Number of protein chains: 2
Amino acid sequence: MSKGETDILQQQSYAMVGGDGAHSYAKNSSYQKGAVDAAKELINESIANNLDLKLIGFNTSKAFQVADLGCSTGPNTFIAVQNIIEAVEQKLPHETLEFQVFFNDHYDNDFNTLFKTLPSSRKYFASGVPGSFRNRLFPKSSLHFVHSSYALHWLSRIPAEIVDRNSPVWNKDSIQCTGSVKGVTEAYATQFENDTVSFLDARAEDIVPGGLMVILTLAMPDGIPMSETANGVLYDVLGSCLNDLAKMGIISEEKVESFNLPIYNATPREVEAIIRRNKYFTIERLEELSNPVRSIPFTAQDYTVNFRAIFEEIVKNHFGKEYVDQIFYHFTERVAENLSFIEEKTLDIIDLFILLKRSV
Amino acid sequence: MSKGETDILQQQSYAMVGGDGAHSYAKNSSYQKGAVDAAKELINESIANNLDLKLIGFNTSKAFQVADLGCSTGPNTFIAVQNIIEAVEQKLPHETLEFQVFFNDHYDNDFNTLFKTLPSSRKYFASGVPGSFRNRLFPKSSLHFVHSSYALHWLSRIPAEIVDRNSPVWNKDSIQCTGSVKGVTEAYATQFENDTVSFLDARAEDIVPGGLMVILTLAMPDGIPMSETANGVLYDVLGSCLNDLAKMGIISEEKVESFNLPIYNATPREVEAIIRRNKYFTIERLEELSNPVRSIPFTAQDYTVNFRAIFEEIVKNHFGKEYVDQIFYHFTERVAENLSFIEEKTLDIIDLFILLKRSV
């Protein structure tokens with residue numbers, strides 16, 4: 001906050017012991033719990049006798065409410081939110097609007113880092129909201145503008161049948177939709193459809209009629225198989241690194257066979273069809289975005305650091321912490337060998353910009 | 001969330017790499033930033049052309065908004081919030097209300113743990129709000145019920161004059177208001193007054209007219225010096241442990257002299273006077289709370305774990321991580337020696353329950 005928050009520089013803050021270890025506040029605050037218990041009856045009485053719900057009403061706030069869904073840790077989310085706020089302010093140059101921004105991501109997102117790096121110059125009230133954006137996360141009709149960047153193409157789960165050795169669509173030769181087994185891409189697509197339907201249903205509830213939602217996502221061009229895009233090649237390079245390490249006896253073959261990346265890049269046409277089935281949103285825009293970073297040549301190291309920031313947690317959870325460095329070291333080497341081939345293909349995948357309006 | 005959130009058990013979540021280290025998403029997401037930059041102009045156009053602010057209005061949400069200020073990591077905050085929600089629901093048994101709860105604490109509070117331990121059976125939309133509650137944290141008139149437990153008696157800073165060797169109120173023989181130097185308690189009291197005025201001013205803005213605020217805090221009985229209360233004795237025991245370690249050459253004497261605890265326990269009369277000066281709140285109740293935990297005998301170990309959960313971060317920041325275990329080990333021994341004396345005094349300090357109403 002601009003207002004008063006500059007003062008924070010001189011203020012000190014004193015956090016209780018975090019985590020849930022032996023010395024944590026969470027485990028060692030029985031005295032404070034006693035008071036909370038003792039206050040229960042007083043609070044009941046206070047609400048029964050002192051709260052006049054008719055008088056206060058429920059809708060006195062005039063703040064413009066923005067949410068970024070799948071925000072990760074920043075700084076991109078802060079830039080996106082700033083863009084939105086400036087555009088709304090431009091529209092109402094003579095009014096003083098207050099903004100409340102909700103940063104959402106999974107429960108295991110690093111909100112501590114997100115909060116500590118919030119821009120000190122921000123002109124909004126910041127808030128973090130943990131949980132899957134495929135569920136309701138906000139009160140009914142409370143959001144005016146929703147933004148979601150590089151999040152929608154993540155799946156809520158790996159389709160069960162593609163990791164089942166006895167299934168006809170067992171994805172044994174790929175870690176994504178790049179392999180030779182028929183039906184794998186369809187299984188991924190069905191999961192994406194279910195997830196996106198849940199996402200849109202939840203947003204239809206929490207976005208105010210007339211409110212907007214911008215979705216940025218990676219999409220596949222029509223008619224090109226995933227294996228022939230740069231991303232597909234990178235997935236296959238990671239897959240072959242894992243196979244190499246399995247052959248060297250460093251990680252188990254079974255682990256490699258059961259590893260799949262939980263993302264699906266739909267085509268613009270697929271995305272459009274799913275949205276059209278949801279009767280609460282109209283598609284105002286759906287177009288290819290021109291990402292300026294695409295024209296900057298990436299080194300093998302650049303690809304690795306980007307890839308690792310995204311996939312390290314998944315690799316770690318599946319194979320174990322001790323193999324992560326080795327896997328990504330190997331990955332960098334293999335990307336370097338295939339660099340010109342990957343470069344050739346980078347223009348294939350699409351950054352898609354979608355603008356939806358919640359029907360009135 | 002009850003609704004839909006049960007589903008989360010089968011869902012998987014995939015966090016980007018947290019923190020701000022070399023492999024973090026925060027440092028390695030230039031591609032995603034490119035898209036955010038590229039989308040800026042499109043978002044400007046979307047807001048200019050597709051957002052009808054007159055149509056959507058700003059106040060369509062009907063949720064009852066609750067905030068717990070100084071929530072720490074739980075579980076006490078979850079119990080307090082649950083009590084509030086049940087009491088409001090009892091008042092409107094025939095309506096289906098939605099609740100949005102804001103958990104607030106400092107930027108360095110462990111929100112990651114707070115979020116991961118949110119009760120799965122909760123019937124509210126949860127949100128974390130980082131920052132000092134002496135500043136504005138919420139949009140104007142947006143909160144219906146504010147709760148703050150064991151937080152108001154924390155000061156935003158140690159009064160500068162009590163750590164200045166050249167000041168007449170240099171607090172050389174105590175780590176709180178328990179020493180022999182005249183004027184130290186007044187310096188603490190002034191800081192508490194300034195902090196509480198800021199707290200009330202900020203809340204006058206963000207609580208809706210007619211909304212309620214419950215404050216639980218530790219208070220001093222009138223006319224008893226801090227040094228003669230159980231808490232005062234515990235502070236002095238910690239102070240003498242630090243002196244012992246300094247004499248043994250383990251920590252520096254200077255460090256001990258400059259160490260003070262940033263808390264002040266006002267008397268009910270002092271608190272009341274400060275609140276009465278704020279014209280936006282009426283005092284509906286101000287009374288002693290009967291904390292059931294007080295009747296349970298505490299061992300020296302019990303005192304230490306409670307004390308450590310609260311003060312470990314301060315001790316660590318001031319003396320260094322490597323001395324924390326030793327300081328609190330020593331503290332436990334000294335508390336054990338003084339246990340009967342401390343027990344005698346535990347009834348002196350007051351748990352205070354304050355109910356304020358935001359004037360209409």
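How many salt bridges are there between chain A and chain B? I looked this up and the count is two, a salt bridge being a side-chain nitrogen of Lys or Arg within 4 Å of a carboxyl oxygen of Asp or Glu.

I am working on a predicted model, where local features need pLDDT of at least 70, side-chain atom pairs count only at pLDDT 80 or more, and totals for chains, interfaces and linings use all residues. Residues are numbered from 1 along each chain as its sequence is written, chains are lettered from A in the order in which they are written, and side-chain values use heavy atoms, without hydrogens and water.

Interface. I looked at E98(A), which forms a salt bridge with R136(B). Their closest N and O atoms are 3.0 Å apart. On the side of chain A that touches chain B, α1(A) gives the most, with 20 residues; helices are DSSP runs of H or I, at least four residues, and strands are runs of E, at least two, numbered from the N terminus. I then checked contacts (heavy atoms within 4.5 Å). I found 142 residues of chain A in contact with 142 residues of chain B.

Pocket. I turned to the largest pocket and its lining. α9(B) gives the most to this lining, with five residues. Chain A takes part too: α1 (30-50) of chain A supplies at least two residues of the lining. Among the elements of chain B that each supply at least two are α3 (76-91), β2 (99-105) and α6 (230-247).
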